[in-house]
Amino acid sequence: MTQDLHALLGDLVIANRILAHEGVLDDFGHVAVRHPDRPDRFFVSRSRSPELVTRDDLLEFTLDGVPVDPKGLRPYLESGLHARIFAARPDVQACVHHHCPAVLPYTVTDVPLRPIFHMASVLGGPVPVWDSRDEFGDTNMLIDDMPRADSLARALGNGRAVLLRNHGATCAAHSLPAVVFVCIRMKDNAELQTHAMGMGTPRFLTDGETRQASEMLMGERPLDRAWAYWRARAGFGGI
């Protein structure tokens with residue numbers, strides 16, 4: 001195992017713990033990262049609650065959603081969700097699927113989730129909503145086969161976030177710190193937007209503000225600062 005891969009898998013465990021600690025992931029949801037040397041492979045935990053994930057739980061997958069070595073472990077039913085996003089988006093290096101309660105109201109109403117403060121500019125604008133019924137009718141609501149995973153990847157398009165009707169959300173970005181940032185700011189924005197709408201009509205970011213603030217926040221310095229903060233809050237601070 002190369003040193004880069006060793007460190008990356010450690011960060012994958014930490015990303016699971018951070019998102020659980022920050023209330024994005026609970027007993028369900030999952031985080032995946034692309035192999036740094038094999039773009040046709042990625043890693044995600046076995047089927048386990050994110051707050052409990054360890055290095056021994058991590059499995060390597062192909063972009064067809066097949067584990068390279070299952071090691072006798074049971075994978076997430078939605079592992080293919082990550083596989084098809086990685087296949088469709090060579091720029092994406094990390095992906096999260098979650099059911100954050102603050103975000104769920106925007107999956108069950110016609111109110112768009114839109115950036116309301118500068119930190120949420122990373123959402124890129126109104127977040128699209130994918131409805132599995134459009135192509136597949138009534139389902140078990142999971143993304144547990146390749147046709148549904150491919151459909152979700154198309155709905156994500158070139159963006160960083162997509163909502164799943166009556167289900168949750170999926171976020172994608174160029175690194176683990178970046179996708180953690182997107183997920184947490186999606187949660188923050190949903191809480192603030194809901195609160196603001198109870199007070200009146202919110203003022204949202206303009207397209208230009210969204211683009212410029214997002215480019216700044218997805219840079220190395222802001223991400224390093226945020227990642228270090230969330231690491232420390234999850235118990236991985238150090239000195």
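This report covers the sheet, the helices, the core and the cysteines of a predicted model.

**The sheet**

The sheet is open and holds 7 strands. Their order is β3-β2-β1-β4-β7-β6-β5, with mixed pairing. β3 (58-62) and β5 (129-130) stand at the edges. Each has a single partner strand, so one side of each lacks a neighbour in the sheet. Strands of a sheet pair through backbone hydrogen bonds, in either the parallel or the antiparallel sense.

| Strands | Sense | Bridges | Residue pair |
|---|---|---|---|
| β1 and β2 | antiparallel | 3 bridges | Arg 34 and Phe 42 |
| β2 and β3 | antiparallel | 5 bridges | Arg 41 and Thr 62 |

A hairpin of 6 residues joins β1 to β2. β2 itself is mostly covered, with 5 of its 5 residues buried. Arg 41, Phe 43 and Ser 45 point one way from β2. Phe 42 and Val 44 point the other way. In a regular strand, side chains alternate between the two faces of the sheet. In β2 the residues on both sides are buried, Arg 41 and Ser 45 included.

**Helices across the sheet**

Helix α2 (residues 79-88) lies across β1 (30-34), β2 (41-45), β3, β4 and β7. Its direction is at about 140° to β4. Helix α5 (residues 146-156) lies across β5, β6 (161-164) and β7. Helix α5 runs at about 130° to β6.

**The core**

The largest nonpolar core has 72 residues. Its largest share, 10 residues, comes from α6. Leu 19 and Met 186 have the most contacts inside this core. Which residues does Met 186 touch, leaving aside its neighbours within four places in sequence? They are His 98, Val 103, Leu 113, Leu 123, Val 127, Ala 161, Leu 163, Ala 169 and Cys 171. In soluble globular proteins, nonpolar side chains tend to be buried together.

**Helix α7**

Helix α7 spans residues 207-217. Its buried residues are Thr 210, Ala 213, Ser 214 and Leu 217. Seen down the axis of α7, they fall within an arc of 105°, so they line one face of the helix. An α-helix has 3.6 residues a turn, so residues three or four places apart point the same way. Gln 212 and Glu 215 are exposed on the other side of α7. The buried residues of α7 pack against α6 (176-199) and α8 (220-233).

Ala 213 sits in this helix. Its relative accessibility is 14%, so Ala 213 counts as buried. Beyond its neighbours within four places in sequence, Ala 213 contacts His 118 and Ser 121. Ala 213 and Gly 124 are 89 residues apart in sequence, and their C-alpha atoms are 9.7 Å apart.

**The cysteines**

How many disulfides does the model contain? The count is 0. A disulfide would need two cysteine sulfur atoms within 2.5 Å. The sulfur closest to that of Cys 95 belongs to Cys 171, at 8.1 Å, which is too far for a bond. For Cys 100, the closest cysteine sulfur is in Cys 183, 9.0 Å away, also too far. Cys 95 is buried, at 0% relative accessible area. Cys 100 is buried as well, at 2%.

Conventions
Residues are numbered from 1 along each chain as its sequence is written. This is a predicted model: local features need pLDDT of at least 70, side-chain atom pairs count only at pLDDT 80 or more; totals for chains, interfaces and linings use all residues. Side-chain values use heavy atoms; hydrogens and water are left out. Buried means under 20% relative accessible area, exposed over 50%, partly exposed in between (1.4 Å probe, protein chains only). Helices (H or I, at least four residues) and strands (E, at least two) are DSSP runs, numbered from the N terminus. The arc is that of the directions from the helix axis to the C-beta atoms. Contact means heavy atoms within 4.5 Å. Two strands pair if DSSP finds at least two bridges between them. Axes are lines fitted to C-alpha atoms, for helices over the stretch in contact, and angles run from 0 to 180 degrees between N-to-C directions. A nonpolar core is a set of buried Ala, Val, Leu, Ile, Met, Phe, Trp, Tyr and Cys residues joined through side-chain atoms within 4.5 Å.
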